[in-house]
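Please read it alongside the sequence and the coordinates.

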Amino acid sequence: MSALATALAQVSETADRLSRLSVRAHQNPYTLVDWPSAVDPERDWFGTPEYVSLNGTPAWAALDDQARRRVAFHEAAGFYSLNIHGEKALIQGLAARLYRSDLAGSTGYLHHFLDEENKHSVYFGGFCTRYARVHRSRQASFGTDRPRDVDDFLFFAKTLIFEEIVDHYNRVQARDGRLHPLARFINDSHHREEARHLVFGRRLVTALWQAGDWDPPTAAEIRHDLGRFVTATWREYYHPDVYADAGLDDPWELAEAAWSAPGQRAHRRRVSSDCLRFLTAAGVLTEEPADAF
Amino acid sequence: MRSETEIREQLRTFVRRHAGDVAITDDTALFTLRVLRSVHLPELIILLERLRGAPIDVEQLRMGDFDGIDAMMARFGVPS
């Protein structure tokens, strides 16, 4: 029996409960949103200003209120875009594991997971294609020759890290009364479904890590990979193309300056803290990821 | 646009930071030898974009494009 099959069997009660909740909360993403014909990026806030990646930098201080709203709008499109790319990878990974021979009895919640991720991309893509654009990702993969159990673990652990960080932004922005109702809706809708995915992810990652029982060199390589993934995930929040769309000069230098700004380093550490505390308590990580903060 | 010398030096600094004890030259096959892996790509791509002052089409990338500093210079040293 593979480590993933063992872990899924251990979390089956949780998965069944989450499946029932998913059935009850089932949504039609094509009818639920009344998309405005246009939006005004310089009038309304589309992202929480304290969560804009330039916040706390000299560049942010130099902008007037209208320009800050414009940056927040393009950064919202950047945030939705990184969600689209993250969910594409997630959908591919879930689809690859659906009805795999050793997992045939455990596909119930994977179907909901897959369905809900696709719906989220309908919202994110709907915003980006109507009012801005889908920004590119710099995440790329050339494939590996790692054992399947290790690949399974890294897939679900990376998914969890990605979703924990995104969900923090979703929770804050869903509650932010300054934001345009459409931005609040997209963040809130995503958060409601991600809350279930995070419950599943935490249970599964814990069980999978225990079932894997890897030797020290393998465990060290997994830890190194996850640490680098935390850094790589955060790098995507500092998107030169977003700054260029917002009309700012020297977008690559700006991204580098924002990444290194003390306020932004503290922000990344604070937003990541719940997720890193969980991974440390589960024994997965033993130290803070290098270079992330 | 930075000079080739400056771009190479910054790439060497990036690679050395991730190479541990592995001795690196400009033709070391970084991905083949797993000195770098896919998880390093976002940082590496944004560094290359900043150094060359132009975006890189991520959808067209191959592992060979990054398999050494010489390979990266040949592929990304000058904006296409």
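Helices, taken as H or I runs of at least four residues, and strands, taken as E runs of at least two, are DSSP runs numbered from the N terminus. On that basis the elements of chain A, from the N terminus on, run α-α-α-α-α-α-α-α-α-α-α, while chain B, read along its sequence, follows the pattern α-α-α. The model is a predicted one, and every value below is computed from it.

**Overall build of chain A**

- Chain A contains 11 helices and 0 strands, and its C-alpha trace spans about 60 × 45 × 30 Å along the principal axes.
- Of the 293 residues in chain A, 46% count as buried.
- When contacts in chain A between residues at least 6 apart in sequence are considered, 81% of them join residues at least 24 apart.

**Overall build of chain B**

- Chain B contains 3 helices and 0 strands, and its C-alpha trace spans about 30 × 25 × 20 Å along the principal axes.
- For 80 residues a compact globule would have a radius of gyration near 12 Å, and the 12 Å found for chain B agrees with this.
- Of the 80 residues in chain B, 29% count as buried.
- Among contacts in chain B between residues at least 6 apart in sequence, 62% join residues at least 24 apart.

**Packing of α1 and α7 in chain A**

- Helix α1 (residues 3-10) of chain A packs against helix α7 (residues 181-212) of chain A at an angle of about 135°, and their axes are 8 Å apart.
- This angle makes α1(A) oblique to α7(A), and the crossing of α1(A) and α7(A) is right-handed.
- On the side of α1(A) the contact is made by Ala3(A), Leu4(A), Thr6(A), Ala7(A) and Gln10(A), and on the side of α7(A) by Leu204(A), Ala207(A), Leu208(A), Ala211(A) and Gly212(A).
- Sorted by class, the contact of α1(A) with α7(A) has 7 nonpolar, 3 polar and no charged residues.

**Packing of α1 and α2 in chain B**

- In chain B, the axes of helix α1 (residues 4-19) and helix α2 (residues 41-52) come within 11 Å and cross at roughly 165°.
- An angle over 145 degrees counts as roughly antiparallel, and α1(B) and α2(B) are therefore roughly antiparallel to each other.
- The crossing of α1(B) and α2(B) is right-handed.
- From α1(B), Ile7(B), Gln10(B) and Phe14(B) meet Leu44(B), Leu47(B) and Leu51(B) of α2(B).
- The classes represented in the contact of α1(B) with α2(B) are 5 nonpolar, 1 polar and no charged residues.

**A buried position in chain A**

- Ala76(A) has its place in helix α4 (residues 65-97) of chain A, and because 30 C-beta neighbours lie inside 10 Å, Ala76(A) counts as buried.
- Leaving aside residues up to four places away in sequence, Ala76(A) touches Phe46(A), Gly47(A) and Ala183(A).
- Although Ala76(A) and Val242(A) are 166 residues apart in sequence, they are 9.1 Å apart in space, C-alpha to C-alpha.

**Positive phi in two loops of chain A**

- Most residues other than glycine have a negative phi.
- Tyr99(A), which is not a glycine, has a positive phi of about 60°; Tyr99(A) lies in the loop between α4 and α5 (108-131) of chain A, and with 12 other C-beta atoms within 10 Å it is exposed.
- Asp213(A), which is not a glycine, has a positive phi of about 45°; the place of Asp213(A) is in the loop between α7 and α8 of chain A, and Asp213(A) counts as exposed, with 10 C-beta neighbours inside 10 Å.

**The contact between the chains**

- Chain A brings 18 residues to the contact and chain B brings 14 residues.
- On the side of chain A that touches chain B, the elements giving two or more residues are α8 (216-235) and α10 (251-260) of chain A, and α8(A) gives the most to that side, with 6 residues.
- The residues of the side of chain A that touches chain B divide into 7 nonpolar, 4 polar and 7 charged.

Notes:
Residues are numbered from 1 along each chain as its sequence is written. Chains are lettered from A and ligands numbered from 1 in the order in which they are written. This is a predicted model: local features need pLDDT of at least 70, side-chain atom pairs count only at pLDDT 80 or more; totals for chains, interfaces and linings use all residues. Two residues are in contact if their C-beta atoms, placed from the backbone, lie within 7 Å. Ala, Val, Leu, Ile, Met, Phe, Trp, Tyr, Cys and Pro count as nonpolar, Asp, Glu, Lys and Arg as charged, and the others, Gly among them, as polar. Axes are lines fitted to C-alpha atoms, for helices over the stretch in contact, and angles run from 0 to 180 degrees between N-to-C directions. Angles under 35 degrees count as roughly parallel, over 145 as roughly antiparallel, 65 to 115 as roughly perpendicular and the rest as oblique. A crossing is left-handed if the near helix is turned anticlockwise from the far one by less than a right angle, and right-handed if clockwise. A residue is buried if 20 or more other C-beta atoms lie within 10 Å of its own, exposed if 12 or fewer, and partly exposed in between; C-beta atoms are placed from the backbone. The radius of gyration is taken over C-alpha atoms; the globule rule is 2.2 Å times the number of residues to the power 0.38.
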